[in-house]
Amino acid sequence: MSTGVTGTAGSAVGWRGVASRRPSLRWAEPWFLPVLLLVAWTVATSVLKWFGPSQLPSPAQVLRTLRELIVSGELEPHLAASVGRIVVGYAAGAVLGTGLATAVGLSRTLERLLDPTLQALRAIPSLAWVPFLLLWLGIGELPKLVLVAIGAFFPVYVNAAAGIRNVDRRLLEVGRLHGLKGARLARRIVLPAAAPSLLTGLRLGLGQAWLFLVAAELIAASRGLGFLLIDGQNSARADLMVVSIALLALLGKLADQAVRGVERRLLGWSDAFRA
Amino acid sequence: MSPGPYDAGARAPAPEASPGRGGQPVRLERVRKRYSTGRPVFGGFDLEVEAGEMVALLGASGCGKSTLVRLIAGLEAPDAGVVRVGERCVHGPVDRVGLMFQEPRLLPWLDAAGNVAFGLSDDLRGTAGGELRVRQLLSAVGLPEARSLLPHQLSGGMAQRVALARALARAPEVLLLDEPFGAVDALTRTGLQNLVLAVATRARTTVLLVTHDVEEALRVAGRVVVLGGRPAAVALDTEVPGQPPRSPDARGLGQLRRQALAALAPDLETVPAQFGLGGV
């Protein structure tokens with residue numbers, strides 16, 4: 001572990017100061033709070049019995065339910081439905097968001113034409129879309145995919161567009177000096193320079209995609225983790241609800257880690273990016 | 001070039017690294033330029049630089065030196081008049097004109113080698129020949145070990161040397177240097193000046209060095225042009241005797257230094273003698 005105080009330019013000491021002097025324990029620090037909560041949950045449900053199983057089931061009960069769902073094969077279609085919707089919807093929203101942001105960032109005319117409208121649409125709360133999409137697209141897969149795509153689109157668009165707008169003009173000039181224009185200028189200067197904002201947008205968009213997914217599945221679905229959640233509520237099974245929430249948390253976290261991995265690979269050059 | 005104290009820090013470039021296309025003359029004819037606010041920077045400005053000449057362009061801050069360089073590089077278009085490099089008129093940036101800015105302006109996501117390779121012409125980029133050229137240029141600017149360092153890991157002087165290597169990468173016929181050595185330490189500056197001299201002499205590159213440092217101009221340039229006034233006019237245009245790099249007390253420089261300083265800051269002439277500045 002480098003404490004890097006005496007290092008030359010480039011030693012990785014963040015503004016929060018020199019890293020902890022005992023690196024051996026640092027890996028455990030992020031686990032401290034989850035373990036504490038798990039212990040408190042167990043004590044409150046199994047030992048002190050503050051909550052009945054219909055209100056808050058114990059961790060052991062939740063694990064048992066999860067195993068039953070897996071063994072009976074009941075969980076798989078729900079999981080597959082949700083993950084599939086995220087993958088397709090998020091990909092569509094992210095690609096569209098990045099593309100439009102690039103176009104708007106490179107052309108003042110397109111910016112004046114599109115940006116005000118997009119910024120206005122952004123203000124519409126997610127749930128407001130649901131009835132309208134059901135009316136227009138029916139109750140099949142399409143409205144759910146569209147809703148997830150809308151959820152992913154706006155954070156990606158807004159952050160990428162801001163990043164592109166704020167690209168250092170002096171670097172753009174370096175590109176122009178080397179004969180770059182249009183698409184080549186975008187690929188070799190604009191997008192790399194805007195990559196930090198773009199990736200922030202991609203991460204926020206992913207979170208928003210999960211949010212919109214659950215909104216869609218709560219209201220109009222027969223499969224998916226959101227449906228499992230509402231099904232648990234309707235059949236008064238708190239264990240089902242906790243299982244779906246825990247799975248949503250787990251999947252969301254995994255997806256976020258994946259984007260972070262991409263971020264770390266692409267932004268290794270950044271002085272500020274030292275997570 | 002005899003070795004001496006003024007060669008401190010000089011590093012002769014590898015022979016292969018020298019660009020070999022020969023210089024081009026640069027000509028500005030009746031150039032007018034004015035930004036949306038304020039008085040015109042140039043109102044019918046003429047300047048002629050011969051092929052292979054090394055001209056130092058001196059002037060106070062804001063006198064139009066940088067604008068002049070940007071016009072030649074094709075980053076700005078004149079409102080009227082013509083800028084020529086060789087026989088052709090300048091309509092936007094071209095391969096054969098290299099420019100080094102005041103700041104390094106390295107692309108932060110590329111390592112040193114990647115930044116130098118960015119300057120290669122399209123047909124050389126990504127080829128073995130291009131790879132070799134990047135290696136040679138990095139050695140020529142004294143950074144053979146820095147190829148995989150990122151810009152934020154480089155000191156200011158190192159970054160500026162990478163920027164020089166990038167400007168040389170496409171073997172420019174005209175090399176424009178816009179106050180390039182202002183922010184580096186004296187030893188590195190001397191080394192970089194010698195490097196530019198060596199490369200430019202070998203390849204007969206035309207060099208236009210913008211500076212506000214009279215000593216720098218007298219040390220390396222074959223001709224000194226001082227700009228003044230607004231719209232800018234040539235206040236002094238004179239050859240510098242002797243072979244560069246010159247020592248500051250070389251013969252004939254004292255007179256030139258007085259002339260250049262007088263042209264740079266005519267106000268100083270009127271300072272009363274008791275302040276000891278009258279004669280400079």
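At what angle do helix H3 and helix H4 of chain A pack? In this predicted model, the angle is about 130°, and the axes lie 6 Å apart. H3(A) is therefore oblique to H4(A).

**Helix pair in chain A**
- H3 spans residues 75-106 of chain A, and H4 spans residues 108-122 of chain A.
- H3(A) contributes A:Leu100, A:Ala103 and A:Val104 to the contact.
- H4(A) contributes A:Leu110, A:Glu111, A:Leu114 and A:Asp115.
- By type, the contact residues of H3(A) and H4(A) are 5 nonpolar, 2 charged and no polar.

**Nonpolar cores**
- The largest nonpolar core holds 86 residues.
- B:Ile72 and B:Leu208 have the most contacts inside this core.
- Helix H4 of chain B (residues 156-168) gives the most to this core, with 8 residues.
- Beyond four places in sequence, B:Ile72 touches B:Val26, B:Val83, B:Val85, B:Val90, B:Val97, B:Leu176 and B:Leu208.
- A second, separate core has 49 residues, including A:Val104, A:Ala195, A:Leu206 and A:Leu229.
- In soluble globular proteins, nonpolar side chains tend to be buried together.

**B:Leu107**
- B:Leu107 sits in the chain B loop between strand S6 (97-100) and helix H2 (112-118).
- B:Leu107 is buried because 21 other C-beta atoms lie within 10 Å, and the cut-off for buried is 20 or more.
- Setting aside neighbours within four places in sequence, B:Leu107 contacts A:Leu171 and A:Val174 in chain A, and B:Asn115 and B:Phe118 in chain B.
- B:Val214 is 107 residues away from B:Leu107 along the chain, and their C-alpha atoms are separated by 31 Å.

Terms used: Residues numbered from 1 in each chain as written. Chains lettered and ligands numbered in written order. Predicted model: local features only at pLDDT ≥ 70, side-chain atom pairs only at ≥ 80, totals over all residues. Axes fitted to C-alpha atoms, helices over the stretch in contact; angles between N-to-C directions. Helix = DSSP H or I, 4+ residues; strand = E, 2+ residues; numbered from the N terminus. Parallel < 35°, antiparallel > 145°, perpendicular 65-115°, else oblique. Contact = placed C-beta atoms within 7 Å. Nonpolar A, V, L, I, M, F, W, Y, C, P; charged D, E, K, R; others polar. Core = buried A, V, L, I, M, F, W, Y, C linked by C-beta atoms within 7 Å. Buried ≥ 20, exposed ≤ 12 C-beta atoms within 10 Å, placed from the backbone.
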